[in-house]
Amino acid sequence: MSEQTQEQGMSQPRRVVVVGAGMAGVQTAVALREQGFTGTVTLIGAEPHQPYDRPPLSKAVLLGKAEGSAFDVDFESLALELRLGCEALAVRADAHVLDTSEGPVPYDVLVVATGAEPIRLPGAEGVPGIHLLRTLDDAERLRPVLAEQHDIVVVGAGWIGAEFATAAREAGCGVTVVEAADRPLAGALPAEVAAPMSAWYADSGIDLRTHARVERVEPGAVVLDDGTRLPAGAVVVGIGARPATAWLAGSGIELGEHGEVLADDHLRTSVPDVYAVGDCASFPSRRYGERLLVHHWDNALQGPRTVAANIIDLTPAAYDPVPYFWSEQFGRFVQYAGHHTSADTTVWRGEPSGPAWTVCWLHGSRLVALLAVGRPRDLAQGRRLIEAGTPMDPDLLADPARPLKAATA
């Protein structure tokens, strides 16, 4: 807490403004109330919709099984002020003012929770039939495309591409997925782990094309750099996301090489009285010895508790979670916990050609990450073992019939 805030003669600031009405922003506002904050909390969201959760957009909302995914939060009873359809434009840190499309908003503490925005396909601006899948409006535009069972080309075989391709096949669409790398999830998983997942596409009736780069998109077609022309009633682009932080230019808030806010281990930014949480911020992990930028739902759920605790308490709490995410794709439940880049040993539990298997990554004898396909018990036990830093026995760990908690050294 800054000297300016303490000089108010209060144990808490009077006005907290949260920019971003997604999971991270809403949970920050809720956590402040849960932890006893009695001042003003203003939640600013650029979209006009009631704040909503994003994971259902690529599943139930997209397939018409749900009309929306609004958070089950009674904002009025929690005395949380919502300003929707209000875009953040700039921060004047010295004046403690947030400039928005609806005018200036003063704050004592500001929380940046603007998330990430999808990367657009270069050269495809203005071409009809190109879609992203990040917002409720995106899902609403895509719903009739699936209902009409168009032939669809998905650009990118990452997590969102796989989930959308799964939904499109369920809707009866013909689906081709083009990926510039040599395998799905090339940016997320090592080759030997991601390679077996290629078969999931064919098994689902999807044409996966790797080493395939998009040359251009035309109305009704995608043209690859080798001249191949793929018919496309619609094109869905899922080639990654970047932190939504361009509006912070000139604020003095330090950004990293990916445009993310460089938060400290208490999720404070380089500017006094400004925090950052969720997809828009990276943080140093003592557990993994490096700075982490985590674009997943659980990070947006967990981080706000640390932010709220630090805002209202002079005893700071550090943030060092075991990252976690899950994905439903091609009839499989895929879960990942930890961070595997420091691993020096990989241990398989089960055959990757089978319906259920797990990959464990060790650094020395310590479990640092695992990927579980159809083995939720492995994930639950492994996550606790990562948190505890428990030494593991690789030979015992390789036995898929043995519970992870019984494979300790």
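Analyst: The pLDDT is the predictor's confidence in each residue, from 0 to 100. In this predicted model, local features need pLDDT of at least 70 and side-chain atom pairs count only at pLDDT 80 or more, while totals for chains, interfaces and linings use all residues. Residues are numbered from 1 along each chain as its sequence is written, and side-chain values use heavy atoms, with hydrogens and water left out. The protein has a mean pLDDT of 93, with 97% of its residues at 70 or more.

User: Over residues 1–10, what is the pLDDT?

Analyst: Where pLDDT is low, the predicted coordinates should not be read in detail. For residues 1–10 the pLDDT is below 50, and this stretch has 15 contacts (heavy atoms within 4.5 Å) in the model beyond near neighbours in sequence.

User: How do the axes of helix α2 and helix α7 cross?

Analyst: Helices (H or I, at least four residues) and strands (E, at least two) are DSSP runs, numbered from the N terminus. Axes are lines fitted to C-alpha atoms, for helices over the stretch in contact, and angles run from 0 to 180 degrees between N-to-C directions. Here the axes of α2 (residues 23–34) and α7 (residues 297–312) come within 8 Å and cross at roughly 35 degrees. The contact involves M23, A24, Q27, T28, A31 and L32 of α2, together with residues of α7 including W297, L301, R305 and I312. By class, the contact of α2 with α7 has 12 nonpolar residues (Ala, Val, Leu, Ile, Met, Phe, Trp, Tyr, Cys and Pro), two polar (the others, Gly among them) and one charged (Asp, Glu, Lys and Arg).

User: Which residues line the largest cavity?

Analyst: Rolling a probe the size of a water molecule over the atoms shows where empty space is left. On a 1 Å grid over the protein atoms alone, a cavity is a set of points where a 1.4 Å probe fits but cannot get out; lining residues have an atom within 4 Å of a point. Grid points are joined across faces, edges and corners, and a volume is the space filled by probe spheres set on the points. The largest cavity, of about 40 Å³, is lined by V294, D298, N299, Y319, P321, V322, P323 and Y324.

User: What gives the most to the lining of the second largest cavity?

Analyst: Strand β20 (residues 281–285) does, with three residues. This cavity holds about 30 Å³, and its lining has six nonpolar, three polar and no charged residues.

Methods:
1 Å grid on protein atoms, 1.4 Å probe; cavity = no way out; pocket = protein on both sides within 12 Å on 5 of 7 lines; lining within 4 Å.
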